Amino acid sequence: SYDSDRLKKANSANILHPASVVADVATKGPRIIATGKGCFITDTDGKRQLDGVGGLWCMNIGYGRPEIGDAMKKASDQLGYFHTFGGHSNPAQIELAERLVAKMPDHINKVFFGSSGSDANDSLMKIVWYYNGLRGKPEKRKIISRKQAYHGTTIASASLTGLASFHRNFGLPLTEVKHTSLPHYYREGKPGESEQDFSNRLARELEDMIIAEGPETVGAFIAEPIMGAGGVITPPEGYFPAVQKVLKKHDILFICDEVVCGFGRLGDWFGHRVYDIRPDMIATAKGITSGYFPLSAAFISDDIWNVLRDGSATLGAFAHGFTYSGHPVGCAAAMANLDILENENLIGNAAEVGAYLHKSLAEALGDHAHVGEIRGHAMIGAIQLMADRDTKTGFDLKHKIAARCVAAIGELGVIYRPLPTADSIAFSPPLCLTRGEADQMVDALHKGFHQVMGNLSP
Ligand code: PLP
């Protein structure tokens, strides 16, 4: 048992919390999560909940799997740490790289390891610059991201992020980063416009931006297969083919951010396979270890690798890397995680139980007057809140309806996540979710949602 009050006081005295109103946590004290098993977590006050968000979209295999700790202990006992700079390596990163690259498209065969999704995107951005410099196009530096996207929190990756709250007060984004339209058909499509027409319009807008900036200054475009924290935005029909055509025409690389979608969340190993994306670079983190160890893996195509190989000897070494790149304990954790995903068919389960969850949610809430749409795929999704779905009028965001729903559902034993900018309620449970647990998620959502919506002031 824990002395919860003492821990809360000590926490408030000593910790600057990420992503919080600083004073709030300091005065109220945090919620302290102590243990986890399967899809459930328990806090130091003894409250147990089904984690319908998988931590921060990362707990893929489920909590409390001893195999991960066993693998990490073995790796730690064997070596614990050695750097991978200047041509050094370790058996764990070599084996992990082999297993990961085998799951990638044929034209992607090289991986660079780091510690977080943010650093994976940072690394890929720098590789775009390095690659274009080596091939004599150093001015091809701009990266086009999308409004509302989330790609991380470091100076470069927060710039890629398209949420105003991550820019405000920091003087971001960097001037190299531009943001094109959000591909949310339900909210951004014009009356009478088909999904395919909407996608074509967005591709034209992207091309207009590229031409206005000057194609010789644009190095890459970055997108998630399904945009996660930005609202769980599924790509409209024909979106990625239309976008990729434009990028190809202007010699612009495609960075696919698989930090959320990768490692089974969409019922396949990676989201680019579900949406027919042919990326030049791929960022992964989160589900690569199911959050048990901070590890990222950034992948590059053979074409990029060839330029790096030929250029670096004469034009300057690849002067980029982290103390923890290829960490042997992290790589061992990732391999134990892959073993569980593979041996227990958790990705098949994500597809099957994920489809069941979406169907059940649609039955429970799909027709509700305040639900605009329920979107997503397999083990990720979001419920779009609407003040009036007939006129497609959203709520005034200051009422924080999504957060109020999530609080009510939390009291009923299930964690969901409010996405304030999208006015949506998101979920991304562990991939080991059972049908019974899916029922529990739907039940709590249904009850909590009706509680809040029943109490709306007119
Ligand atoms: N990319 C995406 C799509 C993410 O959702 C996140 C984190 O939520 C990141 C990158 C950044 O990852 P990290 O928090 O590990 O730096």
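A polar contact is a pair of N or O atoms within 3.5 Å. The legends below use this term for a predicted model.

**Figure 1. The shell of residues around the ligand.** Which residues surround the ligand? They are Ser116, Gly117, Ser118, Asn121, Tyr150, His151, Gly152, Glu224, Asp257, Val259, Val260 and Lys286. Sorted by class, the shell has three nonpolar, six polar and three charged residues. Helix α6, which covers residues 117-134, gives the most to this shell, with three residues.

**Figure 2. The largest cavity and its lining.** How many cavities of 30 Å³ or more are there? The count comes to one. The volume of the largest cavity is about 30 Å³. Its lining is made of Arg146, Pro183, Glu224, Pro225, Met227, Ile233, Thr234, Pro235 and Phe240. Six of these lining residues are nonpolar, one is polar and two are charged. Glu224 belongs to this lining and also to the shell around the ligand.

**Figure 3. The second largest pocket.** This pocket holds about 770 Å³ of space. Its lining has 28 residues, and those nearest the pocket centre are Thr84, Val111, Phe112, Trp305 and Phe318. By class, the lining divides into 15 nonpolar, 10 polar and three charged residues. Which helices and strands each supply at least two residues of the lining? They are α5 (91-102), β4 (108-114), α6, β10 (296-301) and α12 (302-315).

**Figure 4. Two residues of helix α1, Ala13 and Asp5.** Helix α1 spans residues 4-14 and contains Ala13. Is Ala13 buried or exposed? Ala13 has a relative accessibility of 60%, and because exposed means over 50%, it counts as exposed. Between the C-alpha atoms of Ala13 and Met125 the distance is 37 Å, with 112 residues separating the two in sequence. Asp5 is also placed in helix α1. Its relative accessible area is 52%, so Asp5 is exposed by the cut-off of over 50%. From Asp5 to Ser194 the C-alpha distance is 56 Å, and the two are 189 residues apart in sequence.

**Figure 5. Thr44 and its contact with Ser4.** Thr44 sits in the loop between β2 (40-43) and β3 (48-51). Its relative accessible area is 11%; buried means under 20%, so Thr44 is buried. The side chains of Thr44 and Ser4 are joined by a polar contact of 2.8 Å.

**Figure 6. Leu163 and Pro173 in the loop between α7 and β6.** This loop runs between α7 (155-160) and β6 (177-180), and Leu163 is found in it. With a relative accessibility of 9%, Leu163 counts as buried. Leu163 and His151 are 12 residues apart in sequence, and their C-alpha atoms are 9.8 Å apart in space. His151 is one of the residues surrounding the ligand. Pro173 lies in the loop between α7 and β6. Most peptide bonds are trans. The bond from Leu172 to Pro173 is cis, with omega near 5°.

**Figure 7. Gln148 and Ser290, residues with a positive phi.** Most residues other than glycine have a negative phi. Gln148 has a phi near 75°, a positive value. Gln148 is located in the loop between β5 (142-146) and α7. Its relative accessibility is 15%, so it counts as buried. Ser290 has a positive phi too, near 50°. The place of Ser290 is the loop between β9 (281-284) and β10. At 0% relative accessibility, Ser290 counts as buried.

Terms used. Residues are numbered from 1 along each chain as its sequence is written. This is a predicted model: local features need pLDDT of at least 70, side-chain atom pairs count only at pLDDT 80 or more; totals for chains, interfaces and linings use all residues. Side-chain values use heavy atoms; hydrogens and water are left out. A residue is near a molecule or strand if one of its heavy atoms lies within 4 Å of it. Helices (H or I, at least four residues) and strands (E, at least two) are DSSP runs, numbered from the N terminus. Ala, Val, Leu, Ile, Met, Phe, Trp, Tyr, Cys and Pro count as nonpolar, Asp, Glu, Lys and Arg as charged, and the others, Gly among them, as polar. On a 1 Å grid over the protein atoms alone, a cavity is a set of points where a 1.4 Å probe fits but cannot get out, and a pocket is an open set with protein on both sides within 12 Å along at least five of seven lines; lining residues have an atom within 4 Å of a point. Grid points are joined across faces, edges and corners, and a volume is the space filled by probe spheres set on the points. Buried means under 20% relative accessible area, exposed over 50%, partly exposed in between (1.4 Å probe, protein chains only). A polar contact is a pair of N or O atoms within 3.5 Å; within protein, one must be able to donate a hydrogen and the other to accept it, and residues adjacent in sequence count only if both atoms are side-chain atoms.
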